[in-house]
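Dear colleague,

I am passing on a structure that I would like you to look through when you have time. My notes come after it.

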Amino acid sequence: MTESKVALLEVSKFYGEVLGVNRVTVEIPPGITSLVGPNGSGKTTLMNLMSGLIHPDAGSIRMRGISPREPERLMRITGYATQYDAAPRWSTGLSFLTAGLLLFGHDRSEAERKAWAALDRLGLTDAAHRKMAAYSKGMRQRVRLAQAIAHEPEILILDEPLNGLDPLVRAETIALLREWAAMGRHVILSSHVLQEVDLISDQVILIANGMIVAEGGIRNVREEIQEHPSQFILRCRDASRVAAQLFEEDHITEIRLNDDRMGLLVLTRDRERFSRALGRIAGGGYKIDSLIPADENVDALYEYLIGEEK
Amino acid sequence: MAVYKRGYSRYRGPVRGRWARMTVLPRFAWRRLFQQRLVVLLVAISMIWPLVCAFMLYIGNNVELLTGMRIEPEFIGFIRGNGQFFLVFMSVQAVFALFLAALTGPGCIAPDLANNALPLYFSRPITRTEYALSRLATLSGLLSVVSWVPGLILFAMRSSMAGSPWLRENWRIGAGLFAGFLLWILLVSLVALAGSAYVRMKVVAGGLVFAFFFVLSGASGIIKLVFRSDWGNIVNPAWATRRIWYAMLEIEPPAGPGVLACLCILAATMILLALVLKRRLRPVEVIR
Amino acid sequence: MKQLSWWQQARTIARIEMRRAFFSRRAFWVYGLALFPTVIFLGHFAQVKFQRVRLSSTETVRPALLDSLREGETEEAVLERLGKAPVDYDWERRQRILDREDATGITTHGIEPAVTARYIRLNVIRPTVTADRSARIGEFEVYGNSGVNLALGRPASGSAPCSDGEGPEKAFDGDPRNIWCSGARSKYLQVDLGEALPVSRIVLKHASAAGKPKELDTGAFSIEASTDNRRFETVVNLTGARLVDEITRYRRMSYFDGKRRADLQFVEGKLASIDIEPLLNFEEDRSIFAGVFQLFYLRLAIFFGCLGIFMNLFRGEVLDRTLHFWFLAPAKREVLLLGKYGAGLIASVAIFTGGALVCFAVLMGFHDPAEVQSYLNGAGMRHVFWYATAAVMGCVGYGSVFLAAGLLLRNPIIPAAVLLGWESINSFLPEFLQKLSVLHYLQSLCPVPVPMDDSAPGLLRLLVAPAAPSSRIGAILGLILLTAFLLSIAALAIRRMEVSYSTE
């Protein structure tokens, strides 16, 4: 079963005396996984370790059963789009991708076809014959993505892939990633834009100071955080009455009334009992329009888990 | 009221002059350079030969022992400090200056080009010419420390030991030493700067400085060999500089091209290097 | 999609890299280095052709006539036998020399009418007839009406002396062997007679009277007299020491017999020197090519060319931040190394071996085809083979050195500079240290020794001749072993290499 996972076991990496990642143990299933953390937390280090660009000082890494020390096997099924904003100045977009594909054993026409397909997916066909030194930042980002997907890898590692993309291309890229993940492939990406992480990720890995702080589905992770009361936004007509009712429950820690008197922000320590209480209140004749969890998102997770450490 | 009108007020104090501003770059560069161990080591090694020469001068001018020994009068004149003596001094120090330029020159411009820092400079009140001049000043200042500064000290030593009549007759040697070194420093600095602007990579630019002098010297060698003539030397900038030194120090020159030809070729070389520098120092590069 | 073997992958990598090695803008300089000697040879042959045209403006003479020329023949005799010369010009050389009759080095100058003066001053205008700029006077004697030297022992002054024992007083001490010598810019010697006295004769004993060579006698001078040491009057002028103008007439004529050029120099109408050289000397040119090959191709062109090409392969990619693209390819790192080395090797071999062979071909193209053919039938092909081999092995050896240096070291220029210096002083090192150099083996592979005329300084001779050359096979094996060793170190380094681009 682990043959279909990306597994890191007790992986540590030192940069001189500084610990880049500290005894990281994580198993990543197929789907879209986001690495979230502040700058310098070790996201890029982890990605470089997974792709074999750097070697761990301790621990082992297995990418679908293959070690990164065997690039001739691993790179067949892995594509990595780095954050380094550098592309060989001397080639055009098309020749750059084609050259990379030749090493996979494709003949020239096949390699060109695949390169063209990848460029098409990322909307770079117009600039395919221009030198990469003339590309804008967004185009360079896209060509790196194209280079990562051109050989249709099983594992896609993307370091801040949506950085510098305009909204249209961003949406298309997200669609591409979703499509990829739906095929049972690994998509591991890192991002700072937490709303997007929320939107597209199946699971999230929060990392800070080289250590994994939390991993799993967003909701699961949220549920495991006991220290912070859960927040819910309630829309109802008789907000103050509902609030009065809720205050009688001992698991409620805080209620804030919205300015329009039609909404409440409720903080509760026990979601189960809260939902039961809400049921009772609704059954008691009060009309509840909507109930939305206010902090089941990565933003909140980030703030709770990482923001506090500062 | 707009935010900037509330809190922000422009600096209205005294502003330093244009030339003073130009000294900012060299000052920071020198500080950075002298933090590098290799630079300090090389400068220290470059001081060995001036010390040896000072010792020789002292022996030559003070120890009566020499008149007792049967030494050729030419050698006595040499060790006392004549034109030939200073020529040898200059030749050795010129090599050290070359090494120093190859080590430090590339770091002056190449990183700015490679890391795309030129727009940062040129968006401030500094023109391309001022930038280039301040880089030149950085290198020249460093190279002066190992060239004419110890040279003039040696010359002063010799003058004080020989007395003012000697100085009155031979002040040209001092002037020739100073001017000759300035010429060499200018040439070597321009090569280092143009090289580092041309290739953008510090590492390669260092090699380019050596390559410039070695390859041209080899080229002059084969021209001499193939054409069976001494005029091949004109292609060798180090030889041309040395030929000018011979004239400045009033020593019998070797066979080959004369001073005027050497001056012309050096001037042409320097103009070419300056043009390369001008072309490469652009904040914006258009790629077609 | 088929799986590529490591060999096929290396080939693919090499092909990708070679495009850059051959066609990038950087390659332009490498081509320039490789073709420079060819351009020089072409220039030389153009010069020869021009000479040939010039010398053929008149009819060529028979070779036997050139051989019959003898020194001492008159211009007229030569012109009669050989006819008008295609190159013919004459010139004169004027020289002011001392009258040869004046053998003693003593000059006497009468002053008529006699002057009354207290201070007599000698101004040296031209210290000697050679480039020696020091004036020397053994004795400066001033006579009045009697035969007494008025200046003997009198207070003297003068320009700065050459050394302590050669002050102005030495010219007035009665012993001509004690000389006054001065190297100052304006040389003068002055005596104070004590009171104003009539002066009618001045005798100067110059350097040759003091036992020095005649050439050091004073060339031109003037003597002035004064009563108050302020206003001086010239009493003896420039023409003082008897200087005469020696005019020598020179004439140069060049003849051509179709193959050889004869330069004849006549001095005063008589043939003084005969210089017969073939216009094109195949053997000499081959020897010069050997010099060009060793001094330029091996030491400089291949050295710096390989430095540029091979260092770029890895260190250049690191600096450009594009190396990780290669590491993300599905290839073993050692295969990557091999592919890149192969690309660099093929490019450098093609460019430099090609350049050297083109140069050699150009050289042969300008000579007599029959001569060239016989050379090629004889030792020629062997020479070509060994030149090519030396160039190839140079690329192999230097390539592996610079590739390894680029991988292992942050600043590979330093070891390159050290290597350059090491190879320059290679000849001065003891034998076992000499073997630790690429150039040593390459020199052993060169077929023809470098031409050295005896006038070349011993230093230069040492630089080009290996003291104890290795055998050819040994040299090739040595270089291959060195390359294998360096490449295996490089392979170890690349396996452990980590990509984290820091700011340079």
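This is a predicted model: local features need pLDDT of at least 70, side-chain atom pairs count only at pLDDT 80 or more; totals for chains, interfaces and linings use all residues.

Residues are numbered from 1 along each chain as its sequence is written, chains are lettered from A and ligands numbered from 1 in the order in which they are written, and side-chain values use heavy atoms, with hydrogens and water left out.

Over all chains there is one disulfide (a pair of cysteine sulfur atoms within 2.5 Å), and it joins C:Cys162 to C:Cys181 with an S to S distance of 2.0 Å. The torsion about its S-S bond is about -65 degrees, so the disulfide is left-handed. C:Cys162 is partly exposed, at a relative accessible area of 35%, while C:Cys181 is buried at 3% (buried means under 20% relative accessible area, exposed over 50%, partly exposed in between, with a 1.4 Å probe and protein chains only). C:Cys306 is in no disulfide, the nearest cysteine sulfur, that of C:Cys395, being 4.3 Å away, and C:Cys306 is buried at 0% relative accessibility.

Turning to the interface, 27 residues of chain A are in contact with 29 residues of chain C, contact meaning heavy atoms within 4.5 Å. One salt bridge is counted between chain A and chain C (a side-chain nitrogen of Lys or Arg within 4 Å of a carboxyl oxygen of Asp or Glu); C:Glu498 forms a salt bridge with A:Lys13, their closest N and O atoms being 2.9 Å apart.

Best regards
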